[in-house]
Amino acid sequence: MALQQSRTGRRRAAATLVAVLAGVGLTLSTPAAAQAASPCTSLTFYRVGGYPGGADMHVPTVGWQTGNKSCYLSYGHSNSAVLVLQEALNNCYSRSLTLDGNYGSKTREAVRYAQQKINEDIVYANIAEDGEYGPQTRAYMGFAIFGVNGGPVIPNVCYYPG
């Protein structure tokens, strides 16, 4: 009987906590949603070793050169972060997107294709194939490598920042 009362008490306390949080306007969210609360707005260059003269990987981030990769992109976004995503999709996933920085239907389909390829190649990835770029996709997606100081993309060479 004491065990049953303890479980009931914990359930009642949890329900009360949720009600209090909801009453003050707070909600509980999953870690993935919390990690990608902001849209990607720009990019960060990451130095990649092993290339003569050096090379940089460009990754969508919140703000210019912040290193904050915890962001998302989806249909309707239009900025330099989308351009970086399009470059990666063209170079690492053999898509032929126009590099315009607009996340339209073709970019969404290209992201969906990349997500399918990731799930085929990495059995445990199990990411949603929804056409949106977020924390799950970023964790497994390859990004284009550029020559140092704004050099051109190195064809068919990708880096996986995790």
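Which residues in H3 meet which residues in H4? I started my notebook with this question. The model I worked from is predicted.

**Entry: H3 against H4**

I looked up the H3 side and found Leu85, Gln86, Leu89 and Tyr93. On the H4 side I noted Thr107, Ala110, Val111, Tyr113, Ala114, Lys117 and Ile118. I then sorted the residues of this contact by class, and got eight nonpolar, two polar and one charged.

Next I looked up the geometry of the pair. Helix H3 covers residues 80-93 and helix H4 covers residues 105-121. Their axes are 10 Å apart, and the helices pack at an angle of about 50°. H3 and H4 are therefore oblique to each other. I also recorded the handedness: the crossing of H3 past H4 is left-handed.

**Entry: the chain as a whole**

I read off five helices and six strands. I wrote down their order along the sequence as α-α-β-β-β-β-α-α-α-β-β. The protein chain has 162 residues, and buried residues make up 36% of them. I also looked up the contacts with a separation of 6 or more, and 44% of these come from residues 24 or more positions apart.

**Entry: disulfides**

How many disulfides does the count come to? I found two. I reminded myself that a disulfide is a covalent bond between the sulfur atoms of two cysteines.

I took Cys40 and Cys71 to begin with. A disulfide joins them, with an S to S distance of 2.1 Å. The torsion about their S-S bond is about 90°, so I noted this disulfide as right-handed. Cys40 sits in the loop between strand S1 (38-39) and strand S2 (42-48), while Cys71 sits in strand S4 (residues 71-72), so the pair ties together parts that are 31 residues apart in sequence.

I then turned to Cys92 and Cys158. Their sulfur atoms are 2.0 Å apart, and the two cysteines form a disulfide. Here the torsion about the S-S bond is about -115°, so I noted the disulfide of Cys92 and Cys158 as left-handed. Cys92 belongs to helix H3 and Cys158 to strand S6 (residues 153-159), so this pair ties together parts that are 66 residues apart in sequence. The relative accessibility of Cys92 is 17%, and I counted Cys92 as buried because the cut-off is under 20%.

I wrote the pairing down last. With bonded cysteines counted along the chain, the disulfides follow the pattern 1-2, 3-4.

**Entry: Phe146**

Where is the place of Phe146? I found Phe146 in strand S5, which covers residues 143-147. Phe146 has 8% relative accessibility and counts as buried.

I asked what Phe146 is in contact with, leaving aside its neighbours within four places in sequence. I listed Ala55, Asp56, His58, Glu87, Gly151, Pro152, Val153 and Ile154. I then looked up how far Asp56 is from Phe146. In sequence, the two are 90 residues apart. In space, I noted 5.2 Å from C-alpha to C-alpha for Phe146 and Asp56.

Conventions. Residues are numbered from 1 along each chain as its sequence is written. This is a predicted model: local features need pLDDT of at least 70, side-chain atom pairs count only at pLDDT 80 or more; totals for chains, interfaces and linings use all residues. Side-chain values use heavy atoms; hydrogens and water are left out. Axes are lines fitted to C-alpha atoms, for helices over the stretch in contact, and angles run from 0 to 180 degrees between N-to-C directions. Helices (H or I, at least four residues) and strands (E, at least two) are DSSP runs, numbered from the N terminus. Angles under 35 degrees count as roughly parallel, over 145 as roughly antiparallel, 65 to 115 as roughly perpendicular and the rest as oblique. A crossing is left-handed if the near helix is turned anticlockwise from the far one by less than a right angle, and right-handed if clockwise. Contact means heavy atoms within 4.5 Å. Ala, Val, Leu, Ile, Met, Phe, Trp, Tyr, Cys and Pro count as nonpolar, Asp, Glu, Lys and Arg as charged, and the others, Gly among them, as polar. A disulfide is a pair of cysteine sulfur atoms within 2.5 Å. Buried means under 20% relative accessible area, exposed over 50%, partly exposed in between (1.4 Å probe, protein chains only).
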